[in-house]
Amino acid sequence: MSAVSYALEGATGVIRIDNPPVNALSQAVRQGLLEALASAQADVSQAILLICEGATFVAGADIREFGKPPQPPSLLAVLAAIENSPKPVIAAMHGTALGGGLELALACHYRCAVPGAKLGLPEVKLGILPGAGGTQKVPRLMGVEAALELMTSGTPIFAAQALASGLLDKVFVCEELPQAARAYASELIAAAAPLRRVRDMRIDPAAIPADFFASARRKLARRARGQIAQDRVVTLVEAAVTLPIDAGLARERELFVECLNSPQSAAMRHAFFAEREAAKVVALPADTAARPVHKVAVIGAGTMGGGIAMNFINAGIPVTLLEVSSSALQKGLAVIERNYRISAGKGRFTDAQIAQRLDLIGGTTDYADLKDVDLVIEAVFEDLELKKDVFARLDTVCKPGCILATNTSYQDIDVIAQATRRPEDVIGMHFFSPANVMKLLENVRGARSAPDVILTAMTLAKTIGKVPVLARVCYGFIGNRMLRYYGREAALCVIEGASPRQVDAALENFGMAMGPIAMGDLAGLDVGYRARQGLTAAQKGDPRAWSVADKLVDAGRLGQKSGKGYYRYDPHTRERSEDPEVLALIEATARELGVQRRAIDDQEILDRCLFGLVNEGARILEQGIAQRPGDIDVVYLHGYAFPVAKGGPMYYADQVGLAKVYARLCEFRARFGEQLWPVAPLLERLVQTNRSFADWARDRN
């Protein structure tokens, strides 16, 4: 079956792209478009309609072709043929028109869409930029400010906004595209509509404020955290204002190639594929089918439970929220409604949409009301005995086949499952806070979790807009187990001689959204403090890593919530500033513990924190806790704000070179001791055989 077909329908020549699943601009599609255009020029058609079969318009280039020798015809050749057509070409869009798909539409003379269509240029999310005219044409239609936002955020816009900004010429009143598009083509034919080429439009430089582009760069430097693609987009939009279009297009191509060949783009493409691979369960029986989930219950209406509930009602799945008292339940429901009202104030929801969502959530204080739900997610305090009690109750009231999930961050899921008579129905579904915002869902399979329960958890993650990763049982699973070493080394660097500000700055300059010390203040220093109270001295580990934090809590410095922790916080802006009292406390604690403080450079801070992650990640792989190195990267990209331009900790280690990582770990082991720095056997073996984590993953496939 051809990826592109052509048919004459009355006075309109109709080109149809049918390249499932997303009509990507593969070589076959590009070739088919040229051939269809040639057919249209040779017949009696008076206009040409470009439309797509399936669920979407062209959703972008074929990413599988990136990094491979180009296969003719090029997309640029196709776009030139469309632009130069003596007959008007009309792009009719539904679903998503993204990246090269939108650039294809921009080459057409007219653009129309159904109301539900979304248009965008998300290339920056892969470390590249629009390379087929988007940077030069979008500003000509939308204006420079709207164009910059569209391209530097990578976030699509709906058809109504695209129409208001000039990106579309027509939005239909219904979602029935083929008939409406043909009628629109007939209108244009009857009106003898001119050939409106975007490339012929002009931007008035005098209308652009003198400091506009400099200001845009400053804002993006903060938002993009060292990513080069956004800065290059600013350069190209400026070129659209100051250069003739052919010169601007040549500059666009030059910078596109620069970005495509950059380490950042390679890392972000790795992240793209790793995210999709992470959703696949290794060795799952081929005939496994997910269990249907039509009703959900959440135990606990606190911040986490309420956030979890919002994910499901946003997806149209009814939720019953259970609390121990009516007052706690009403408080939780009120917080959920307030969260929606805040979002509505930002334009994300209408009142009708809020009402629709709130209709999907109900509350109860009686476990018996959960008898007909398909999934229960427990989100109570991190207390093993409390969780076991909850699961014992659920076991008595929930119907056979109901999935019993725990949102625990650390606890042993197999021990929790033992509180039931159906351990095969038990699984971990670890949401990250705030649960209605964070994308990661760390699903944890127990020793006896049934294959269809595992598949359901992974499939359901996509239904509610999450990125799933599968882990096995251990303390902290993937993310929090590794985080212990990251946080430990940050704390040790502080007591050994670095200031909190230096540690945070080193990691933030690397690309982390927030340094580890500031992150502790944000989460609340009392959280770790309370957790340590129930541990033995051996379980607590090296007192140099937690003594300062404990003293801060004892002094009432809990972090941002109390206005001071490691830092002081402005009560209005939350801006942090270094506090001499804390620096003095750190120095005094170091003396008490016999620590000789010294100068520590930023590279040592980075290597200790990041290679600590990598070393523990290697252990996690060897023990089978994570399925792939890429899964660990996905956890850290989506759960811990690791910079996507670095690809995740395991990918980053491969790029640094495992031999260099290993040598540095051996150095730390010699300096700080085997107890703190035992080198992972897997890492050592990979270095000895000159292999990478990526090689290890390929060998296992």
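**Strands around β15.** I began with strand β14 (residues 403–406), which runs parallel to β15 and is joined to it by 3 bridges; in this pairing I found T406 standing opposite G428 of β15. I keep in mind throughout that this is a predicted model. Turning to strand β16 (residues 440–445), I noted that β15 pairs with it in the antiparallel sense, over 5 bridges, and that R445 in β16 is the bridge partner of I427.

I then asked how many of the residues of β15 are buried. For this strand, residues 426–431, the count is 6 of 6.

Next I looked up an open sheet of 3 strands, whose order is β5-β7-β8 and whose pairing is mixed. I recorded β5 (96–98) and β8 (157–158) as the edge strands, each of them pairing on one side only. Strand β7 (residues 118–120) pairs with β8 over 2 bridges in the antiparallel sense, and K118 stands opposite F158 in β8. I also noted that helix α3 (residues 100–107) packs on this sheet, where it touches β5 and β7, and that the direction of α3 makes about 90° with that of β5.

**Helices α25 and α28.** I followed helix α25 (residues 602–622) to helix α28 (residues 658–672) and found that their axes come within 10 Å and cross at roughly 105°. An angle from 65 to 115 degrees counts as roughly perpendicular, so I describe α25 and α28 in that way. On the α25 side I listed Q603, E604, D607, R608, F611, V614 and N615 as making the contact, and on the α28 side V661, R664, L665, F668, R671 and F672. Sorted by class, this contact has 6 nonpolar, 2 polar and 5 charged residues.

**Cysteines.** A disulfide is a covalent bond between the sulfur atoms of two cysteines, and the cut-off I applied is a sulfur pair within 2.5 Å.

Conventions:
Residues numbered from 1 in each chain as written. Predicted model: local features only at pLDDT ≥ 70, side-chain atom pairs only at ≥ 80, totals over all residues. Heavy atoms only, no water. Axes fitted to C-alpha atoms, helices over the stretch in contact; angles between N-to-C directions. Helix = DSSP H or I, 4+ residues; strand = E, 2+ residues; numbered from the N terminus. Parallel < 35°, antiparallel > 145°, perpendicular 65-115°, else oblique. Contact = heavy atoms within 4.5 Å. Nonpolar A, V, L, I, M, F, W, Y, C, P; charged D, E, K, R; others polar. Pairing = 2+ DSSP bridges. Buried < 20%, exposed > 50% of the residue type's maximum accessible area, 1.4 Å probe, protein only.
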